[in-house]
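Let's take a friendly walk through one protein model, a few pieces at a time. Have a look at the picture, then read on.

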Amino acid sequence: MLSKDIRSTFLKFFEGKDHLVLPSFSLIPQNDPTLLLIGAGMAPLKPYFTGEKKPPHPRIATCQKCVRTPDIERVGRTSRHATFFEMLGNFSFGDYFKEEAITWAWELLTTGYKLPEDKLYVSIYQDDDEAFEIWHKKIGLSPERIHRLGKEDNFWEIGQGPCGPCSEIYYDLGPEHGCGRPDCAVGCDCDRFLEVWNLVFTQFNRTESGEYLPLKQKNIDTGMGLERLALVMQNVNNLFEIDTVRPLLDFFCQATEQVYGKDNTVDVSLRILTEHLRGITFLIGDGVLPGNEGRGYVLRRLLRRAVRHGKLLGVNEPFLHQAVKIVVREYGEFYQELVTNAGYIEKVVRHEEERFHETLEQGMKMLTDLMNAAGKNGVISGADAFKLYDTYGFPIDLTKEILTEHKLTLDEAGFQAALEEQRRRARSARSENIFGTTGQSYQQLKGLTTEFVGYNTLVKKTEILAILKNGELVDKAAAEEEVEIVLKATPFYGERGGQVGDTGIIQAEKATFDVADTIVTADDVVVHRGIVVSGTFSVGDAVQAMVHTPRRGDICRNHTATHILHKTLQEVLGEHVKQAGSLVAPDRLRFDFNHLSALTAEQLKEIETRVNEIVWGNYPVTVTVTGLEEAKEMGATALFEEKYGDAVRIIRVGDYSMELCGGTHVSSTGEIGLFKIVSEASIGAGLRRIEAITGKAAYNWFTARNELLERAASALKTKPEQLLDRISALQAENKELEREKQQLQLKLAGEKVDELLPLVSEKTGVPVLAAEVSAGNMEMLRDLADRLKNKMSSGIIVLGAVSEGKVLLVAAITKDLVEAGYHAGKLIGQVAKIAGGGGGGRPDMAQAGGKDPAKLKEALTKVEEFVQAQQK
C-alpha cells in the first residue's frame, strides 16, 4: 500500500466513525509560546484538550506534518530516526475514551490495513488496569502480549499541557531485526518491535510548575507514524526505502555518485541528506526562514548539517535545492502549500547553501586546527566555538557533532557566556526605561484593568487608578515629576503590534500631565508615561485624557499604508512574502519581510505606483470584530508571531486587503494622501526592509527634493526642466578637458624623461637611476618608469614620490638585467622599508608604499647599495 493510500484509508476510516477530518496545521504553532514547532498531531489541538476553546466537533482526525529535533544527532546514524514525519491521529474531546480508542485502533490495523494479528503486541502504563482489561477481555490478547512499562515509556507528555497514560501498539518485524538476546521483547531498544501507534488517554494537564491536574474532561489523543506503518505495509527494512523517501535517496546517490549500502560512513551522509531535505522543504513551505534564533535556527541547523554531509561526499557546490521538486512531487497532492511555494522553497535552500559554502571551508580549517591543537580527548573553548558560530555560521550543534565524531568535547558554558555577552546590552535596554520601571515593577499593577476607547474617540473623562514613580506605587505626583499613570479608561493607544504609543495630555481641574509615551504591560494594563507639567495628581482623581490628534492621524495613515504595502509586495514579488516585523510611527513606517534578493528599481516603482493607486482610489477601510477561526475562514491574513484572543479585529481595505490587526487606521485610503518609498535594504539573510512615508511627510519629502532641484538648476545657470541637458553638456566639456589634460601630461612626461636620463649612474657596473619626482598617484609613477625603461637599453630604475602625505615607490628593470639576476620586487621592498613601508612585485616591475615622506631621500640614496648586493 502506498503512503498516500495509507493516509486516505486512515482518514476515511475515522470519517466513518463520525470524526471531522481537518487538514494539517502549519508547522508554526499559533498562539502557543510553549512550542517552537509542531511535533505531534495533538499539539495544534491543545486548546480543545484543555477546555480553553470549544472544538468544531467532539471527534477530529488529521494527518499532521511534524518536526522534532531532540534526536537529530541520531538521524542518519540509524535507519529509523527522523526529524520530519507525518502523524496520523484521531482525537476525542470529552466524547469517547479508552474502550473505543483501543477497539477502533485494532479494527483499523487488522481489517483496514489487514496486518496479521499474531504480529501485533501492546504496551500499557504500569498502573493502567483499565487498559489491560480492554486489551485482554475485549480484544482477546493474551497477557504475555500485553507489556506493562513505566512512565518513561508509557506516559505521554510534551512540555506543558495535556498528558496522560498511553498504550502503544507494536509490530514484530521478526527475530532477524532483533538483538538476539533471550529476553528481547516489547520495550527493547533494538529494531525488532516497531511501535506503530500510540493511544494516549489524556486525563491530566501538566502545569508550568510540574503539577498534574485532572482535566475537566477525559480526552483521547492518538498518533500513528505514517512512515512507520508504510515500512510495515510495504515490507521494506527501513524508513529510507518507503515509496515517498526512496526517490530522494536515489537522487542523492546519483548527485554524489555514491552507491547506498556499500560503506556505512557514506550511508550515514546519504541518509542525513535524504531525511533533512524533507524537513527543510516543509519548514520553508510554512514560512520559516534560516536564522540564528528559534525556528529559523532549527532550519539553518538542518540545512547546514546537510551541506556539510554533501561536502563529505565530494559535492562542493549547491545541489540540495535540486531535490526540492522531488519532495513536492511526492507530497504536494496532500500538502498543496508545497506546490504553491515550490519555486520560493528552492530559492531559499539555494541561497542558504551558497552562503554556507562561502564560509564552510574556512570554518572547517579553523575547527580542524583547533582539534589538532586540542589533542586526544581535548576540549575546544567556548570562545573559539562562538567565533565559528558568529564568523563562519557554524550552528553550535554542528560544531558539537563534529567534535563528538573526533572524541573531543566543547566548553558549552563558555560558548553560552560569549553568546549571552553579545545579547546583554539589547536585553538590558529592553528591560529598563528612563522611568526606572522594569517588567517586575509592573507586577504591582496586576488585577487592574483599563478599558481602551481609542478606536472611537480621542477624548475621555476617566479616573486615575494608579501612579508609578521610579518603579514604585505612589499616591501622588507633583509638578516636574516623571511618573507613569494608569487610568480606568483611556483613548491612548499603547505601543504594540509595531504601532508606537500615543502622546497627549491628561488634564485634571488644576493639574496637567504631558503624556510622552503609552505602553501596555504583559498583563494588558495601559500605562501612560510622562511628566507632571503643573499641579498635583492623586490616585482616584477625575481627569480628562486627550490624545494628540494630528500625531494619531499620521500614525493611522502609516498603519493602513503598511497593510496596503504588505498585499502589494505579495502581488509584485510573490505569495511567499510574509511580514517579519514592522514599525508604525507618525513620521514614517518600516516594513520587514522575507525575500531573498534586493528589489530592483522597476519593482520598487511598481510597488509604489500600486500602493498609490489604492490610496487615490479612496477605498473604505472597515473594521469587523469576529472569532479567530471565523476570521481565518474568511481569508484574513494572520501573523504567526502575534498572539490573538478569541475576538479579533479584521481590517479590510476595500476588496484589496484583509488582515487581523489591533491597531488604529484611517476610515478611507484617500486620507493617506501620498505614499513614498524612501529606502529598501537587507537586514539579514532572506530578510528585507522597506521604509516609507505618507501624508505630510511625503509632501515635505517631495517639497525638499524640489527645492534641491531648483538650487541645483540655479547653480548651473539653467532651469530645472533643462537640468539633465545642462549636466550632459558639462560632462562633455569635462571629458574634453580631461583629454587635453592627458595630452599635456604625456608631453610633460616626455620632457621629464629627458630631464631624468642624465642622472643615470654606473658606479655599480650597471646603469642605475634613482630619483624623486612629482606624481599625483601610482599610475603616473608607473607610466614614467615605463617611459624611462623604454628609453634605456639596459638599466635599473627606482622612482619615488610623495602624494597626500604618503610615499609612492616604483622599481623597473630591463630584460637583460632581469636575466642577469636582478629583482625589482626584492629591491623595492628594501627601499620601502627605510621609508616606513613595504611592497614587492615581479622581477621586472614592482611597487611599494611608505608612511614617512621625510625618509624618501635617504631611501633613494640606498638604491645603489641594494643593487650592488644583488650582483652575483
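Strands here are DSSP runs of E with at least two residues, helices are runs of H or I with at least four, and both are numbered from the N terminus. Two strands count as paired if DSSP finds at least two bridges between them.

Now zoom in on one pair: β25 and β26 (residues 647–653) run antiparallel and share seven bridges. Thr622 sits opposite Arg652 in β26. Touching, or contact, means heavy atoms within 4.5 Å.

## How the model is read

Residues are numbered from 1 along each chain as its sequence is written. Since this is a predicted model, local features need pLDDT of at least 70 and side-chain atom pairs count only at pLDDT 80 or more, while totals for chains, interfaces and linings use all residues; side-chain values use heavy atoms, leaving out hydrogens and water.

## A threonine tucked away

Is Thr462 buried or exposed? It counts as buried, because its relative accessibility is 10% (buried means under 20% relative accessible area, exposed over 50%, and partly exposed in between, using a 1.4 Å probe and protein chains only). Thr462 belongs to strand β13 (residues 459–469). Its side chain reaches the backbone nitrogen of Ala489 at 2.9 Å. Beyond its neighbours within four places in sequence, Thr462 has contacts that include Leu487, Lys488, Asp541 and Val543.

## A hairpin

Strands β28 (residues 675–684) and β29 (residues 687–694) run antiparallel and are joined by eight bridges. Glu680 has Ile690 in β29 as its bridge partner. Two residues lie between the strands of this hairpin, where Gly686 takes a positive phi near 75°.

Among the buried residues of α3 are Trp104, Trp106 and Leu109. Just after α3 comes Lys114, with a positive phi of about 60°.

Key. Polar contact = N/O pair within 3.5 Å; in protein donor to acceptor, adjacent residues only side chain to side chain.
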